[in-house]
Amino acid sequence: METRSEHAGDTADAVVVGIDSGGSGLRIALARAADGTVLDRAAAPGPVRTGPGGISAAHFLESVLPAVAALRARAGEKRPVRAAAVGAAGMATLGEELRAVLPGAFADAWGVRATALAADAVTAYAGALGARPGAVVAGGTGLIALGTDLTGWRRADGWGHLLGDCGGGAWIGRAGLEAALRAYDGRRGGSAALLARAERLHGPAAGLPGALYPRTDRPAVLAAFAPEVAACAADDPVAAAILERAAEHIADAAGAACPPGPESVVALTGGLFRLGEPLLVPVRTALAERLPGVRTVAPAGDPLDGAVTLAAGLAGGGIRLPEDPALLRTG
């Protein structure tokens, strides 16, 4: 399905805004509406708060509106904002408030005529593969796989750090910290190397629960330990086994999301895969076993690039990806 804007073609003297909201913070891009060329970028630290109504639209706007104003001022950009696209972690399950508030807020602030609100996996897909069939595994603090045959979406995981996101940064970091505490207790499955790294980062092991549990950004804090697991993997079998289990989860999610067909490809995108070969080697092995014959391709861009792609497409006349009530809405 292709979504078309009634203002198609009215892009030469306009800009668009792309926003990527993840577990570790916000990234914002200002781009030309005509071709999606990025003019400038900005970042806001910390995840958007989640409350009883889901992701907080007020907190989101507190970060985004000043950032976009600063971007436009820095670029000397006075052209109107024709369209905006938001990719947000949790949009599918916790995004009702964003969907209710953001289109009107963007219209009031910038005169935006069209808005796309998407799960971060959709913007990851748009950035990595554009409009071609296949699946993208988006890994960062969390993990979700999303696939499409260009008529509908297939989703796997992305259920948050308490119920899923298996193989993601928070999952790896939590497993690493558990192994550290096992070593502290003298239980099987412990890692002295991970214990040493945990205490260097967080202080004495006995104080770790008190330091972690009250945090509102627990997933990001857990994910921050994932690089420590990767750094230990070459010499520590416990750390290596954690990454092997993560790779199996990643391949399972990709296999569940990837549509059948000879044209399908798989891309890996997101900060998780910057852990490098300690994770990528077992991921390649697991993908070859789970999806024999399906090519793994390098992503063309990241989720922020995908948000810009959606915004520019919406401003120019069409988004060639399927709409979905939870995953991708335009208006």
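Is Val221 buried or exposed? Val221 counts as buried, at 12% relative accessibility. Here buried means under 20% relative accessible area, exposed means over 50%, and partly exposed lies in between (1.4 Å probe, protein chains only). The model is predicted: local features need pLDDT of at least 70, side-chain atom pairs count only at pLDDT 80 or more, and totals for chains, interfaces and linings use all residues. Residues are numbered from 1 along each chain as its sequence is written, and side-chain values use heavy atoms, with hydrogens and water left out.

Val221 sits in helix 8 (residues 218–223). Helices (H or I, at least four residues) and strands (E, at least two) are DSSP runs, numbered from the N terminus. Beyond residues up to four places away in sequence, Val221 touches His202, Leu212 and Arg215. Contact means heavy atoms within 4.5 Å. Thr141 is 80 residues from Val221 in sequence, yet their C-alpha atoms are 9.0 Å apart.

An open sheet contains six strands in the order 3-2-1-6-7-13, with mixed pairing. Its edge strands are strand 3 (38–45) and strand 13 (328–330), each pairing on one side only. Neighbouring strands are turned by 10° against each other on average, direction ignored. Two strands pair if DSSP finds at least two bridges between them. Strand 7 (residues 114–119) and strand 13 pair in the antiparallel sense, over three bridges. In strand 13, Thr330 is the bridge partner of Ala116.

Two helices were examined against these strands. Helix 4 (residues 120–129) lies across strand 6 (81–88), strand 7 and strand 13, and runs at about 100° to strand 7. Helix 12 (residues 303–316) packs on the sheet and touches strand 1 (15–22), strand 2 (25–32), strand 3, strand 6, strand 7 and strand 13. The direction of helix 12 makes about 145° with that of strand 1. Axes are lines fitted to C-alpha atoms, for helices over the stretch in contact, and angles run from 0 to 180 degrees between N-to-C directions.

The largest nonpolar core has 65 residues. Such a core is a set of buried Ala, Val, Leu, Ile, Met, Phe, Trp, Tyr and Cys residues joined through side-chain atoms within 4.5 Å. Phe60 and Phe106 have the most contacts inside it. Leaving aside neighbours within four places in sequence, the contacts of Phe106 include Ile19, Phe60, Ala84 and Val86. A second, separate core of 48 residues includes Ala179, Phe225, Ala230 and Leu243.

The whole structure holds 15 salt bridges. A salt bridge is a side-chain nitrogen of Lys or Arg within 4 Å of a carboxyl oxygen of Asp or Glu. Glu228 and Arg197 form one, with the closest N and O atoms 2.7 Å apart. This pair links distant parts of the chain, 31 residues apart: Glu228 in helix 9 (residues 226–232) and Arg197 in helix 6 (residues 192–202). Glu228 is buried at 17%, whereas Arg197 is partly exposed at 23%. Salt bridges that share partners join Asp20, Arg27 and Asp302 into one network. Asp20 is buried at 11%, and Arg27 is partly exposed at 27%.

A disulfide is a pair of cysteine sulfur atoms within 2.5 Å. By this rule the count is zero. Cys166 is in no disulfide, and the nearest cysteine sulfur, that of Cys258, is 19 Å away. Cys166 is partly exposed, at 23% relative accessibility. Cys258 is buried, at 7%.
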